[in-house]
Amino acid sequence: MRKQLIVGLLCIPFIAAAQQDLSKYVKPIIGTQKMGHTYPGATVPFGAVQLSPETDTISYELNGKYNGHVYNYTAGYKYEDKTIVGFSHTHFSGTGHSDLGDFLIMPTQGKLQLNPGTADNPKSGYRSAFSHDQETSEAGYYKVKLEDHKILAELTASERVGMHQYTFPKSDDSHIILDLMAGIYNYDDKNVWTYVRVVNDTLVTGYRQTNGWARTRTVYFAMTFSKPFKSYGQKNYDKKQAYRGFWGKFDQTKNFPELAGKNIRMYFDFETAEQEKVKIKFALSPVSQENALENMRAEVPGWDFNKVREQARGSWNKELNKIQVNTSEEDKVNFYTAMYHAFINPTLYTDVNGEYKGLDQNIHKAEGFQNYTTFSLWDTYRALHPFFNIIQPSRNNDMVKSMMAHFDQSTIKMLPVWSHYANDNWCMSGYHSVSVVADAIIKGVYTGDPEAALAACITTSNRRDYEGIGEYIDKGFIPAEKSGTSISNTLEYAYDDWCIAQLAKKLNKQDVYETYMKRSANWNNNFDPSTGFMRAKDASGKFLPKFDVMSTHGQGFIEGNSWNYSFFVPHNPVALIEKMGGKQKFAARLDTLFTMHLPDEFFADTEDITREGIIGGYVHGNEPAHHVAYLYNWAGQPWKTQERVRKILKMQYKAAPDGLGGNDDCGQMSAWYMFSSLGFYPVSPGSDTYSLGSPAVKSAVLNLENGKTFTVDAINQSDKNIYVQKVLLNGKPVKDQEIRHADILNGGKLTFYMSSKPAK
């Protein structure tokens, strides 16, 4: 026994030494400027808490209409801003629409102010000026000096708990403000109800229910202070109602322990010594106040801020070390920040006791899996979930199980489209959960019942009253009169149907396979051979006379135009090439896409794309064309895939606050970067193949969950040597510009021989 103990102790330093400190390359500030829509605050991998600063509180609504400026605040933080209004606990990363921003906390000192003030007059409220020179953003840690209050704010997190540490000056009037009105994409009446219970002079619990992108979202909390507050109070901003009950018998504005209303701001008063640290632990739960408190006690039982920070850093290093790359220092920053952004979401939606709130608004217990939420599937089916199938298979297995639980709890029996917090917000087009489900089963990741999964996919695909599915089934296309995104929907349904066909084939369901292969050919019905573009049809089957290949509005597309969407047949590039006139003409058309000049009018109707997100007419900042650079492989010109991919990597990703050419979209942009940097990409998830490109790393080691390693080597790699002369897999030549999923999972070595000249 003693000898075994000594051997075990001797092994510990060896294990620790094998793990590199890769978190030092993570710069969460990347993407916080312009269109990236990321946030710089503290979170852990896939954590339920995303504790981050908000830099403004503008409303979603202005004069009864949508306020376009609110689009800049989908993550709550805008790098260009000069003030911070506080730190809230829930955020989306890289989205083009938003919600969340729950439970904003702001430390202040001096005269108490409960209004956040305005950016042009920050001293009119509790907000504070700040400088990027006094701001630090790391994996699992955020720090900033609040200049107006002379307070140093530090944030870290565990999976379900956000931890704050505020270093105050000497003051008899120090305050912690808890703003329960604040939120992202706020508007009047978004807050449905708020409840707060002051349990004692250090513990506060409660909940907040909102009606936003998720229309029935309730978040519970438990908040505890490291020192007792000397007094507390609230201001209720609710509109006057005719009926107010009899709670007016109490003075609820000061030191009253049970509060309720729609719009509440609270404050807690302290006396602080010079450089005194006041700490807060803030736990979340989708189920109850009791569960929030249990989450806190389980994850952060003590008050050692630095210990929690180091645990967060350790969690990130564990995940980041799943891929170890050899490349330039700048590209290490790009790669590991991309990995960080890819591992932020989907987010954990299960308490430590396994409970979560389901789509049916009932309490469920996850048996044999962790429940997840934040499924931005129109984006993430393309590369993020396929990336998980290689690097995070156990988590992706749980994510698919979460989708199946969603289906079981759904009254309309559909797999999720864009879901978060026990809701589906139905954003974007397609039913791309079927792609994620099929891909996971085909690649051997999903451990649930594949027959039930296929049935869920089929049921989802036959929901006739959803987004033109009935017309799509009957006519093979969606008439323009029925949908403003008729072509996008038709093309995306066709791809999803192909995924269902592949799953049916794996399960030996020949009749289902044939039915869905036929449906997967429906993209042909929107292809206009006279122009060579995808084009909208009316109900009679005639192409609409008004046709603009450049426009992103009124042409039947969502977040794209016909130039980009006309290449969206990822499941059958061979047939698309034939439709477009053969390999030479197809390659020439791709050339035009990547080299054309977009007129300024193109940007007039686009909210989420600027020139930074575009190369020629290829829109990388939106997802529909993410596979397009790889289509040269099918056209017999793989060197152009290599050339385009390397150009996209250089132009669309930079180690700077404005380093993303478009919304990161819950990690999809980042997943594209990682796949392409490694030299291969899943053009058509649902297939077990990856198309080869041009690796931007000199080498990489993928440490797989099954204990094996897959190595990528790029011989003679450089910025000039972007072309691939030959590729070997375990010493044998790779044919057809592709490798298979099993080639990776079996472990081995993929070797690219690079040159400055194309291998034609």
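Helices (H or I, at least four residues) and strands (E, at least two) are DSSP runs here, numbered from the N terminus. This is a predicted model, in which local features need pLDDT of at least 70, side-chain atom pairs count only at pLDDT 80 or more, and totals for chains, interfaces and linings use all residues. Residues are numbered from 1 along each chain as its sequence is written, and side-chain values use heavy atoms, with hydrogens and water left out.

**Stop one: the whole chain.** Colour by secondary structure and you will find 18 helices and 38 strands. The chain's radius of gyration (taken over C-alpha atoms) is 26 Å, close to the 27 Å that the globule rule (2.2 Å times the number of residues to the power 0.38) gives for 760 residues, so the chain is as compact as a globular protein of that length. Its C-alpha atoms fill a box of roughly 80 × 75 × 50 Å along the principal axes.

**Stop two: helix α15.** Now select residues 583-595. The expected span of a helix is 1.5 Å times one less than its number of residues. For the 13 residues of α15 that gives 18 Å, and the end C-alpha atoms are 18 Å apart, which agrees.

**Stop three: its buried side chains.** Show Phe586, Ala587, Arg589, Leu590, Asp591, Leu593 and Phe594, which are buried in α15.

**Stop four: the neighbours.** What do the buried residues of α15 pack against? Judging by contact (heavy atoms within 4.5 Å), select β28 (533-534), α13 (562-565), α14 (573-579), β29 (614-615), β30 (618-619) and α16 (638-652).

Note on methods
Buried < 20%, exposed > 50% of the residue type's maximum accessible area, 1.4 Å probe, protein only.
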